[in-house]
Amino acid sequence: MIIGVYGTIGAGKTTISNSIKKLKFKVINADKISKEILNSRDIQKQLKNAFPNAFVNDVLDRSKLRKIISENENSLNKLNSIVWPEIKNQILLIIQTNSGNIVIDAALLPELNLEVDKYIRVKANLLTTLWRVKKRDKKPFKETYSIYKQQKQRIKKYKIDNQVIINNNIWTKSITYKQLHKKIFK
């Protein structure tokens, strides 16, 4: 079984994915794959052509890139067109080389057009989202809000049948196995 977990930045996707992992699922985290891909020479070359201002002394400054994509949805789309095909290839490779249950954690997962048995959308209110990302990434609220808003608009366009988990609890990372079991095996 392949479960797809998606939602906006700071919604709590990784928390939910890690909880599902305890139900004997292998977790594929698209953010981790993305960070690895950004180090590839070919991707770096494409990024330098598309986002020259995100480089300092020929080295990608991820903070600058994040700022650029937070300010302009066209820049986000350009970044996605460069990085997503490789992310998809890496995810497919992991799926092909692993048997058993898998959970894929990716903000805009439905846009990768992968074969997923069940989608789970993780949602959190804006205040919770901003607090989580500030604590985790130490990025300005304005930048996070811009990314959140872009992702939320894209997610609204998805026409998929999914389960929804509201994950607004700031103080704890708990979600019961009963809740997860119901969402996954319903």
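Gln 44 is buried in this predicted model, with a relative accessible area of 18%. That value falls under the 20% limit, so Gln 44 counts as buried rather than partly exposed. Gln 44 sits in helix H3, which spans residues 41–50. Setting aside residues up to four places away in sequence, Gln 44 touches Leu 38, Asn 39, Phe 55 and Leu 60. From here, the tour goes on to the strands, the aromatic rings, an annotated site and a few loop residues.

**Strand S5 and its partners**

- Strand S5 runs over residues 101–105, and four of its five residues are buried, so take it as a mostly covered strand.
- Strand S1, residues 2–6, pairs with S5 in the parallel sense, and four bridges join the two.
- To find this pairing in the structure, look for Ile 2, whose bridge partner in S5 is Ile 102.
- Strand S2, residues 25–29, also pairs with S5 in the parallel sense, here over five bridges.

**Aromatic rings**

- How many aromatic pairs does a search of the whole structure find? The search finds three.
- Tyr 6 belongs to strand S1 and Tyr 119 to strand S6 (residues 118–123), so the pair ties together parts that are 113 residues apart in sequence.
- Both tyrosines are buried: Tyr 6 has a relative accessible area of 1%, and Tyr 119 has one of 10%.
- Ring pairs also bring in Tyr 158, linking Tyr 6, Tyr 119 and Tyr 158 into a cluster.

**Lysines over rings**

- Lys 78 lies over the face of Phe 51, at 5.7 Å from the ring centre.
- Lys 134 lies over the face of Phe 141, at 5.6 Å from the ring centre.

**The annotated binding site**

- An unreviewed UniProt entry carries the annotation "binding site" for Gly 10, Ala 11, Gly 12, Lys 13, Thr 14 and Thr 15.
- Of these residues, Gly 10, Ala 11, Gly 12, Lys 13, Thr 14 and Thr 15 are included in the lining of the largest pocket.
- Gly 12 is found in the loop between S1 and helix H1, the helix of residues 13–21.
- Is Gly 12 buried or exposed? Its relative accessibility is 12%, so Gly 12 counts as buried.
- Apart from neighbours within four places in sequence, Gly 12 is in contact with Val 122, Arg 132 and Asn 167.
- Thr 15 lies in helix H1, and at 21% relative accessibility Thr 15 counts as partly exposed.
- The limit for buried is under 20%, so the 21% of Thr 15 places this residue in the partly exposed class.

**Loop residues to look at**

- Asn 57 has a phi near 50°, a positive value in a residue other than glycine.
- You will find Asn 57 in the loop between strand S3 (55–56) and strand S4 (59–60).
- At 72% relative accessibility, Asn 57 counts as exposed.
- Asn 113 has a positive phi of about 50°, although this residue is not a glycine.
- Look for Asn 113 in the loop between S5 and S6.
- Asn 113 is exposed, with a relative accessible area of 61%.
- Asn 72 is found in the loop between helix H4 (62–71) and helix H5 (73–96).
- With a relative accessible area of 33%, Asn 72 is partly exposed.
- Asn 72 and Glu 111 are 39 residues apart in sequence, and their C-alpha atoms are 19 Å apart in space.

Conventions: Residues are numbered from 1 along each chain as its sequence is written. This is a predicted model: local features need pLDDT of at least 70, side-chain atom pairs count only at pLDDT 80 or more; totals for chains, interfaces and linings use all residues. Side-chain values use heavy atoms; hydrogens and water are left out. Buried means under 20% relative accessible area, exposed over 50%, partly exposed in between (1.4 Å probe, protein chains only). Two strands pair if DSSP finds at least two bridges between them. Rings of Phe, Tyr and Trp (its six-membered ring) pair if their centres lie within 6.5 Å; planes under 30 degrees apart count as stacked, over 60 as edge-to-face and the rest as tilted. A charge sits over a ring if NZ of Lys or CZ of Arg is within 6 Å of the ring centre and within 35 degrees of the ring normal. UniProt positions are given in the numbering used here, feature names are shortened, and annotations may be inferred rather than shown by experiment. On a 1 Å grid over the protein atoms alone, a cavity is a set of points where a 1.4 Å probe fits but cannot get out, and a pocket is an open set with protein on both sides within 12 Å along at least five of seven lines; lining residues have an atom within 4 Å of a point. Contact means heavy atoms within 4.5 Å.
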